[in-house]
Amino acid sequence: MDTANGNATTASAAPAAPAQPNGHREDPGGFKLKFCTVCASNQNRSMEGHLRLALANYPVISFGTGSLVRLPGPTITQPNVYKFNETSYDSIYRELEAKDPRLYRANGLLNMLGRNRNIKWGPERWQDWQVGMPRVKKETDKGFEGMEGGVADIVITCEERCWDAVIDDLLNRGSPLNRAVHVINIDIKDNHEEASVGGKAMVDLADSLNQVAKEEREKVGATAFDSGSGAARASFDERVPEVIGEWQERWPNLPATWTLAWF
Amino acid sequence: MASTPAVPIEEQLKQLNAARKLALENSAYYDRIVKGVLPVIGPTSSIELKRWGAEFLAESLATPVLSVRDKESLTLSVLDTLKSLLESEQDDAIVLKASIAAAASAYPVVLRWIIHNSYHTEAWEQTSAIKSRILRIWDGAPAPVRLSCIKFAQRVVLAQTTSNGQEVKYGGLDISLGMVPANHPLLDPRLMEAEATGLLDRMLGVLQDNSNDALLVDATLNCLSILIRTRPSTSNRIINCVLNFNPLKLANSPMTPKNKVLMKSMEKTTRMLMINILKRHVDPNNQHSGRVQQYVERLMRSRAEIFDEAGRKRQLADQAAAQYGDLKRQKMQDASAAAPEPAAPAQPAVIPPLTPGPQTLAAVFTLTNNPGLQAFDATSIPANLVAKIVARTLNTLDQSVLDFAVNGIRSRLHTLQAAAVTAAAQYAAHGAAGLPGAFNPATAPLGVEEDDDDYEPNLDAAEDTEQILNKLDNAPPETALDEYADPNAALGLGPFTLAPPPLIDADVASKLSSAAASRLFGPLSSLSSEGPSKKPKAGINRLAASSYDRDSWLTVATRLATRSTFGLEEEEQEEQTSAVKSEEGAVSHPLASTFNQSFREMLFTYILEDWRPRIEVAVAWLSEEWYNDQLTKRTGLRNAPLHYETWALRLLDGFMTFITAQDKVLTRFLAEIPELSGELLGRLKTLCGDPNTLGLAMTSLLYLVMMRPPARELALDTVGGIWVEYEEARPLAAKYLSKWRPGWVEQQMHLQAAKAVAGGGGNGAAGIAA
């Protein structure tokens with residue numbers, strides 16, 4: 001079941017990836033929004049999103065907002081707990097595999113960790129992220145291309161709690177970079193199936209947003225000559241709520257919240 | 001470099017990106033690379049290059065890799081380019097947005113540089129020009145540019161107001177007005193602060209207008225936190241402004257998907273800011289937290305209402321749809337369509353008489369002819385819903401219809417009663433076996449007797465089976481049917497009298513009343529008392545229960561203790577005196593007063609448990625007692641017990657045991673209670689025995705003398721008494737007395753001397769007599 005799930009993930013995403021963003025890539029302007037996915041432990045939902053967005057050729061990084069990385073253990077009171085930024089997915093994988101391979105294979109953890117260790121080194125904590133710190137030494141990360149500057153245009157959280165944590169943290173930081181960022185929450189339940197659905201929804205949202213952003217980039221030069229129609233002249237930032245509203249109609253089971261915050 | 005049109009733009013961008021990567025990899029290159037690209041991105045370059053350049057400048061000036069000091073030379077070198085980008089590029093929002101963001105990062109750095117290098121007027125002039133240019137294009141600019149303008153204004157406000165030093169020291173956030181020396185040749189702190197105030201107002205304008213533009217509202221709200229936290233001079237203004245902002249204004253407009261997103265966004269962003277303030281903002285006077293808390297709660301409630309209502313509506317619609325699709329319901333509709341009156345009125349014009357024979361309670365109260373409604377099982381509706389429906393129906397019901405219905409039911413009940421009486425008589429006459437078949441439990445409740453037609457004249461065969469089925473569904477179990485069959489237990493409603501309550505003897509009554517009293521004290525421990533600072537002084541106009549807090553509850557308690565049995569005690573007292581001729585015993589009022597007495601005892605213990613802070617309660621209580629005594633006196637009942645004096649004495653005695661020299665509350669207590677007596681003040685004398693508390697007693701008395709003229713004589717008498725009794729207190733007492741009763745001390749001295757002589761003589765005489 002677990003492997004089937006994993007295969008389905010990669011299988012469905014892999015063909016989809018070249019199909020969708022291909023058009024984007026062939027574009028001469030080739031503008032791409034930079035994304036950041038956030039969940040509680042930077043394991044399941046944000047990593048699913050990270051992978052999907054990376055496969056769709058978007059620059060992407062991911063974080064967790066929890067105090068520690070928590071993974072289910074043998075009982076509900078015995079979770080496996082790891083430190084952010086210091087533990088690699090690979091070491092967690094090997095530890096769990098040594099503990100109880102049957103259990104962790106059956107509940108999908110090993111499969112998930114196996115996927116994650118191919119995406120990046122280890123879980124990172126949002127609150128410890130120094131926004132704007134160049135990420136030049138992360139070439140092996142999926143979605144690295146375009147993320148060198150260490151900032152994102154769009155932050156997608158996977159749970160209201162994480163959105164709250166992100167906003168609260170940004171308020172505390174005091175926005176030293178003067179850079180606007182759209183923070184969007186998509187409520188995704190923390191299980192493999194929902195994460196997979198959520199990942200698809202994220203790519204859909206990313207495509208819609210990027211389309212609008214690209215239009216802005218391509219158009220503005222032209223509008224200097226013929227000032228196009230009102231709707232087309234609206235900027236990317238203005239059209240974000242509209243795009244989310246339309247996206248919400250397509251994904252009614254993933255309630256979304258949005259705000260414009262500052263890095 | 002700008003003059004290399006031979007190189008295609010893509011190629012140039014590729015090179016520029018490679019250069020950028022180099023800077024990102026090694027921050028040491030920043031200075032050289034930034035200065036190197038400046039000519040490429042100048043005002044004459046193509047739009048792509050300008051966009052790239054503006055964004056690169058914004059990124060470089062904001063990078064956390066370099067410290068503010070490192071950024072100085074970088075920043076100063078780009079000012080010229082920034083200025084020309086802002087001035088040359090009128091239309092391209094991307095260039096403007098990034099340039100203004102770069103300017104926002106540059107502003108504090110330049111300000112810091114100018115503070116320390118006042119000779120560099122050129123840099124300051126450039127910066128001022130950039131600033132005025134940005135502030136000029138702010139209004140009317142495209143949305144992304146306005147976003148950047150908001151942020152730029154925020155950085156200017158941040159830099160030009162005084163800091164409280166609680167911000168983190170990076171990104172130039174700590175650069176503030178406090179760093180500007182008062183005699184700086186270029187910078188005038190007062191003008192700068194005035195400018196900051198103006199800009200803050202301009203920023204907050206979007207909130208004051210209650211704008212629907214969530215983008216600008218969110219952008220503004222999300223950069224206010226650091227101002228509130230670290231720039232105290234701005235926090236009042238901002239918090240008041242946000243508290244007056246209503247993010248849910250859009251709720252009245254059509255709920256399009258976009259509007260929903262906008263409204264949710266503004267509400268949540270406002271709430272997050274407020275919660276962040278509650279958590280992080282150190283509010284010295286705590287003046288805002290209450291209001292902020294209330295605002296957050298109100299927001300959450302309104303939000304829940306708005307979105308919940310939408311949810312509820314959908315649910316109801318779903319339910320309705322499900323019901324219309326329901327097979328059974330359709331059948332019912334068919335059935336009623338077959339009946340002559342498909343749209344049966346809710347209220348029949350005539351209330352049909354009941355069929356003879358036993359009836360269910362439901363049948364007795366059923367007025368409708370509609371078989372569908374008759375079969376409806378009302379118990380399936382939750383009780384709270386029923387209550388709502390009933391309340392609403394009663395509210396809108398026509399009085400005449402109600403009267404009509406009530407009379408109809410009443411007449412039915414009369415018939416039933418009459419029938420029951422006759423049936424009982426029959427039962428008594430013939431015995432159970434002789435009963436007619438109408439009481440057969442298997443058929444009676446199903447309503448299939450031949451007389452049914454009277455009851456439901458429009459019944460046809462199809463309805464019959466339907467109804468039988470329904471009734472079978474709802475039929476009570478066999479045993480219950482047997483009970484129905486018993487004519488005495490049936491709904492005959494014979495005469496019924498409620499059993500008289502058991503008699504309560506004095507013992508039980510007193511136990512119950514003390515239990516009741518103790519329950520009244522229950523909530524006190526859980527009720528929070530309001531902070532002493534914000535207590536409104538309602539004074540005499542106070543209502544006992546204007547709010548559910550400790551104060552109101554205590555007022556209720558004191559009034560219950562003093563006044564609840566007003567007028568009852570007297571009667572008992574009189575009865576007692578007339579019957580037993582006992583002297584006025586303060587303890588033995590049997591019934592009504594036990595409650596009061598035990599209540600008073602509890603109040604007394606409550607106060608003494610922690611008497612210093614609860615002295616206010618004591619004063620309030622005694623005031624009530626005094627008032628009650630006055631009322632009692634006015635009724636003219638001679639033997640009515642008076643409580644004020646007793647309890648005042650008991651309370652004072654209670655405090656006395658614990659009092660220390662620091663307890664100024666004693667002075668307050670004596671000053672505030674409504675009436676003083678010689679005995680009461682006499683208790684103070686015990687304090688004079690101890691040199692520690694002597695001062696307190698005397699101060700309290702002096703206070704009374706000075707501030708309470710009606711009690712002056714009484715207090716002076718007490719001081720006199722103290723002078724006489726306590727040797728140690730004499731100097732102090734004499735000081736007061738000489739001021740307020742000149743000559744009294746001397747008189748006493750004489751008297752005492754005379755007494756001493758007389759006493760000596762007396763003793764001598766006694767000795768002689770012995």
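Leaving aside residues up to four places away in sequence, A:F35 touches A:L53, A:Y58, A:P59, A:V60, A:A152, A:I154, A:I156 and A:A206; a contact here means two C-beta atoms, placed from the backbone, within 7 Å. This is a predicted model, in which local features need pLDDT of at least 70 and side-chain atom pairs count only at pLDDT 80 or more, while totals for chains, interfaces and linings use all residues. Residues are numbered from 1 along each chain as its sequence is written, with chains lettered from A and ligands numbered from 1 in the order in which they are written.

A:F35 also turns up among the residues with the most contacts inside the largest nonpolar core, along with A:V38, A:A206, B:L82, B:A102 and B:A103. That core holds 142 residues, a core being a set of buried Ala, Val, Leu, Ile, Met, Phe, Trp, Tyr and Cys residues joined through C-beta atoms within 7 Å. Buried means 20 or more other C-beta atoms within 10 Å of a residue's own (12 or fewer is exposed, in between is partly exposed), with C-beta atoms placed from the backbone. Helix 5 (residues 93-116) of chain B brings the largest share, 17 residues. A second, separate core has 50 residues, including B:L603 and B:V719.

Back in chain A, strand 1 (residues 35-39) runs parallel to strand 2, the two pairing over 5 bridges; pairing takes at least two DSSP bridges. Helices (H or I, at least four residues) and strands (E, at least two) are DSSP runs, numbered from the N terminus. Strand 2 (residues 60-64) has 5 of its 5 residues buried. In a regular strand the side chains alternate between the two faces of the sheet. Here both faces are covered, with A:V60, A:S62 and A:G64 on one side and A:I61 and A:F63 on the other.

As for the interface, 38 residues of chain A are in contact with 50 residues of chain B. Helix 10 of chain A gives the most to its side, 9 residues. By type, the chain A side splits into 16 nonpolar, 13 polar and 9 charged (nonpolar: Ala, Val, Leu, Ile, Met, Phe, Trp, Tyr, Cys and Pro; charged: Asp, Glu, Lys and Arg; polar: the others, Gly among them).

On confidence, chain A averages a pLDDT (the predictor's confidence in each residue, from 0 to 100) of 84, and 83% of its residues score at least 70. Over residues 1-29 of chain A the pLDDT is below 50. Where pLDDT is low, the predicted coordinates should not be read in detail.
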